[in-house]
Amino acid sequence: MTTTTTADTTPELLRPHAEQAFADELRALAALDDRPRPPSWQLSPWAVVTYLLGGTLDDGTVITPKYVGPRRLMEIAVATLATDRALLLLGVPGTAKTWVSEHLSAAVSGASTLLVQGTSGTAEEAIRYGWNYARLLAEGPSEGALVPSPVMTAMSRGAIARIEELTRIPSDVQDALITVLSEKTLPVPELGMEVQAAKGFNVIATANDRDRGVNDLSSALRRRFNTVVLPLPASEDEEVAIVTRRVEQLGSALELPTVPAAAEEVRRVVRVFRELRSGITADGRTKLKSPSGTLSTAEAISVITNGIALSAHFGDGTLRASDIAGAVLGSVIKDPVADAVIWTEYLEAVVRERPDWSDFYRACREVTG
């Protein structure tokens, strides 16, 4: 039998963690960062904010912006992590809560992977600890049989733990965090021991405004968090810039064939989404009904990226209205009855009346049917 081997079979990562994708920037910041650092932090608070918002260092290194929005919000978020209060990033879907959480953890702790993904099925073990049941049956309760949660691991390392979609976690499981956040300790009564948090430990949680009422945080738990509300982009130009930058990054990561700059289509998608979610046209003249979907910046990025893939593989290599119409329709119409009516009214009352949008109107009517 002949065995064939290749020199390198390691696959390229589809989506590297923040600390991997931006390792050069983090190293450059650390090398020049001479400001005070809280215990266990990889960078000073000033350098963390610079990493998030971008800038040019004294040695000429360009730090790309990870978040586009009010600087003060990022300063408050970073300052919170330097205190004994946890950080809650709150906002509607698509306001970069997870993105900011990941990059904050990467800049502060050098790792963003101590993550608990909140769902309705998240158990208390995901926040406290679990057991290797084979060893538990063989040996009884022991440290070797203990399986630490990401939160317990972060406590022992003095690092940041991330909890995504906190309000999706059942209320009784959420409350397992109270002792962790107030006493900075996690008891393990089965072993007669506890894990005390090392300096540098903290928690970043995210939650959706749209999920309010699903599993509301208890007042005791909410008091342990400092809440920072991340808004939608303030202006159309700001949102266009965000979408353009992220589409370029995604296109490079996915190795999509190069498609010429499509500023017109990006702006068109952003305007459609902004008008429908705000309930009024950009000129303020026409009131609109808003569909049930969020029509977030993240969805606009997805629409354009999908359009580029269509254009590159099935079109002529130029992003056109026909490449984005189907994805726009899929983003807008979540309720096949009510949203379809809203979309048709928008097409006929707004899109059809814009002379320079005739190609977009025709493409949307074609996919709408």
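Predicted model: local features only at pLDDT ≥ 70, side-chain atom pairs only at ≥ 80, totals over all residues.
| Pocket | Volume | Lining by class | Share from α11 |
|---|---|---|---|
| Largest pocket | About 670 Å³ | 15 nonpolar, 10 polar and 9 charged residues | 6 residues |
| Second largest pocket | About 470 Å³ | 10 nonpolar, 2 polar and 5 charged residues | 4 residues |

Let's start with the largest pocket, with about 670 Å³ of space. Its lining is made up of 34 residues, and those closest to the centre are G94, A96, W99, A298 and I301. At least two lining residues come from each of α5 (97-109), β10 (202-208), α11 (236-253) and α13 (297-314). Among the contributors to this lining, α11 gives the most.

The second largest pocket holds about 470 Å³ of space. Here 17 residues form the lining, with L14, P16, A21, Q249 and A253 closest to the centre. Two or more of the lining residues come from each of α1 (18-21), α5 and α11. Helix α11 again has the largest share, at 4 residues.

**A look at T80**

Leaving out residues up to four places away in sequence, T80 touches R85, A86, L87, N202 and N226. With N226 there is also a polar contact, side chain to side chain, at 2.7 Å.

Methods
Residues numbered from 1 in each chain as written. Heavy atoms only, no water. Polar contact = N/O pair within 3.5 Å; in protein donor to acceptor, adjacent residues only side chain to side chain. Contact = heavy atoms within 4.5 Å. 1 Å grid on protein atoms, 1.4 Å probe; cavity = no way out; pocket = protein on both sides within 12 Å on 5 of 7 lines; lining within 4 Å. Points joined across faces, edges and corners; volume = space filled by probe spheres on them. Nonpolar A, V, L, I, M, F, W, Y, C, P; charged D, E, K, R; others polar.
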